[in-house]
Amino acid sequence: MAKTRTPPGSTTARQPGDDTPKPARPRWIWTVIRITALVAAAATAYIARDSPRVLGFSSSSQDPPKQPPSQNVGFMAQVLQKSKGQNICKPEGFVMDTYSDFDGIEALNRRVAVPLRKLIKTKFFRTLRVELYKPCQFWKSEGSCFQRDCIVQPLEDDQIPAAWRKQTVDQTNFGPFLRPEFTDKDFAIVNDETYGEGVWLDLVENPERFTGYAGAGANAIWMSIYEHNCFGVPPYIQDTAGGWGSQLVNVDGKSMPFVQPPRKQRDLAPFLESLAEEDAGLTLPADVPKEYRIFYRAVSGLHASTSTHICADYFNATSNKWEPNLNCFIARIGAFPDRLQNIYFNFVLLTRALQKMEPYLAAYDYSTNAKKEDRAVARLIPKLLKTVKKAGLVFDDSELFLAANGRALKAEFKDNFRNISRIMDCTGCEKCRLWGKTQTLGIGTALKALFSYPDRAFRGRFTSLDFKRNEIVALITTYFQFSRSIEDIGIFRAMYQNLVTDWRASNAVPTIA
């Protein structure tokens, strides 16, 4: 008679006719097994219920399904999680209002970074005259930051090319015939180097970095810019999100420790979503005119780039070294993931401006009578412009200001952006004021090239063009600053991936020999 078959690993049932003796189990063993099973079941139910709150694990199946991360949060999660050589082709990777994705922008940046880094170290591009001590027009200044890292170091007269010194004209006795701060073509306060009371500075010797300038005064700068100059679009700004200084101290003087990023990659997008301003419903509405979006993105990208430089060159008081701070980056940019995307947007905007200005910039006179450096500029400028030109269509400036109210909208756009130039005069930190004014002028120069002149103006003899030397310096310097920001994002990406790798290694289950 055939025996009934049982699955492998199961206890074999006793069959009729099978007289093989089986050892008897004491009844108390069965009782212990049943009690143990009941306790295990109860413990499993408790952990399944409370683990999301107590242990920080993912929610149970009883929780409502999670919504996918917003576009900006998904974009930032992609940027931080991107692996070397990985091809990312997701919609979140495209920068809104451009024809570029962040992967393509990073590839372009790798090609322009080297000539840019060399250019900004030459005398022509590192030397700039800035009206650094103009009074604040909007509120009573809280005073200046006198910490060592806030203060700039002016150049001596013998360090400035003689031809530039001779051009400087004192306007104090000209009465009502003072040279205007800007023309109708300008999007920023230009402050021509040949007039006014500017200070000659070396940009390389006064880098944009952590200065210790923070608190209510620092935040007031960005709050004023967003609230009064972004066409009525008020974003959510944390007390610790603005400024050029420490994020360890809030405006009320209380300690504000950096936020810690998650160590599991799958938790990154939910973590960023919990920080994101989209949750408060106060981000830029999707239905605003494109011109408003462009303005907001330019300002937001400048804010984000500034924050990125601070976190990338952060003073660690414990090690007494300048080094990148990942937690600072997550806190300053992670709370506002659209700002990360807007860094890439500004890089695209500046790229397009260089493409349009290419014939003019190629013919520009960069001489300083420092023969070796002049030869370097003559070699590097064509290389940079050729690389930028090969990038193709990255942004279409011809799509803007076409509506019936286009002229009035452009005038309002210019007025608001010039106002940002003036707000930078209210910064209590000299070095922050220097970089705020320089980069505002750089973006303003790009906007001027894109929207104040037709393409044909950059061909032929350039007779209709009016660009001052400081505008050219600010344009290239600002392009480098955003190039540097994108490089810094790559550093933070590697730091985050190392964090995840270390966590995996420390939490690996040991194998039993």
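**Group meeting: a walk through the predicted chain**

Let me open with aspartate 202. Set aside the neighbours within four places in sequence, and aspartate 202 is in contact with Arg126 and Leu155. Before I go on: this is a predicted model.

Stay with aspartate 202. Where is it? It sits in strand β2, residues 199–202. Is aspartate 202 buried or exposed? Its relative accessibility is 10%, so it counts as buried; the cut-off for buried is under 20%. Now the partners. The aspartate 202 side chain makes a polar contact with the side chain of arginine 126, at 3.0 Å. A polar atom of the aspartate 202 side chain also lies 3.2 Å from the backbone nitrogen of glutamate 205. Then there is isoleucine 160. In sequence, aspartate 202 and isoleucine 160 are 42 residues apart. In space, their C-alpha atoms are 9.8 Å apart.

Step back to the whole chain. It has 14 helices and four strands. It runs to 513 residues, and 51% of them are buried. What about contacts along the sequence? Take those with a separation of 6 or more: 81% of them join residues 24 or more positions apart. The chain exposes about 26,200 Å². Carbon and sulfur atoms supply 55% of that area.

Next, the core. In soluble globular proteins, nonpolar side chains tend to be buried together. Here, the largest nonpolar core has 102 residues. Which residues have the most contacts inside it? They are Phe125, Tyr360, Phe395, Ile472 and Tyr479. Helix α14, residues 469–506, gives the most to this core, with 14 residues.

Look at phenylalanine 125 in that group. Leave out residues up to four places away in sequence. Phenylalanine 125 then touches Leu119, Ile120, Leu203, Tyr366, Val377 and Ile381, among others. Its list also includes Ile472, Val473, Ile476 and Thr477.

On to the rings. The count comes to 24 aromatic pairs. One of them is phenylalanine 401 with phenylalanine 413. That pair is edge-to-face, 5.6 Å centre to centre, with 80 degrees between the planes. What does the pair tie together? Phenylalanine 401 lies in the loop between α11 and α12, and phenylalanine 413 lies in helix α12, so the pair links parts that are twelve residues apart in sequence.

Ring pairs link Phe124, Phe125, Trp164, Trp200, Tyr360, Tyr364, Tyr366, Tyr453, Phe458, Phe462 and Phe467.

Phenylalanine 462 counts as buried at 19% relative accessibility, given that the cut-off is under 20%.

Compare asparagine 320. Its phi is also near 60 degrees, again positive and again not a glycine. Its place is in the loop between β3, residues 314–316, and β4, residues 321–323. Buried or exposed? Asparagine 320 is exposed, with a relative accessible area of 56%.

Now threonine 368. It lies in the loop between α10, residues 337–363, and α11, residues 371–390. At 9% relative accessibility, threonine 368 counts as buried. Its side chain makes a polar contact with the side chain of aspartate 374, at 2.9 Å. Beyond four places in sequence, threonine 368 is in contact with Lys123, Phe124, Pro161, Trp164 and Asp374. Two of those names, Phe124 and Trp164, are also in the ring cluster.

Last stop, helix α8, residues 290–312. Why should α8 span 33 Å? It has 23 residues, at 1.5 Å a residue. Its end C-alpha atoms are 32 Å apart, which agrees. α8 is mostly covered, with 21 of its 23 residues buried.

Isoleucine 330 lies in α9, residues 326–334. It counts as buried, at 0% relative accessibility. Isoleucine 330 and cysteine 311 are 19 residues apart in sequence. Their C-alpha atoms are 9.3 Å apart in space.

That is the tour.

Definitions and conventions
Residues numbered from 1 in each chain as written. Predicted model: local features only at pLDDT ≥ 70, side-chain atom pairs only at ≥ 80, totals over all residues. Heavy atoms only, no water. Helix = DSSP H or I, 4+ residues; strand = E, 2+ residues; numbered from the N terminus. Buried < 20%, exposed > 50% of the residue type's maximum accessible area, 1.4 Å probe, protein only. Contact = heavy atoms within 4.5 Å. Areas by Shrake-Rupley, 256 points an atom, 1.4 Å probe, with all protein chains shown as cover. Expected span 1.5 Å × (residues − 1). Polar contact = N/O pair within 3.5 Å; in protein donor to acceptor, adjacent residues only side chain to side chain. Core = buried A, V, L, I, M, F, W, Y, C linked by side-chain atoms within 4.5 Å. Phe/Tyr/Trp six-rings, centres within 6.5 Å; stacked < 30°, edge-to-face > 60°.
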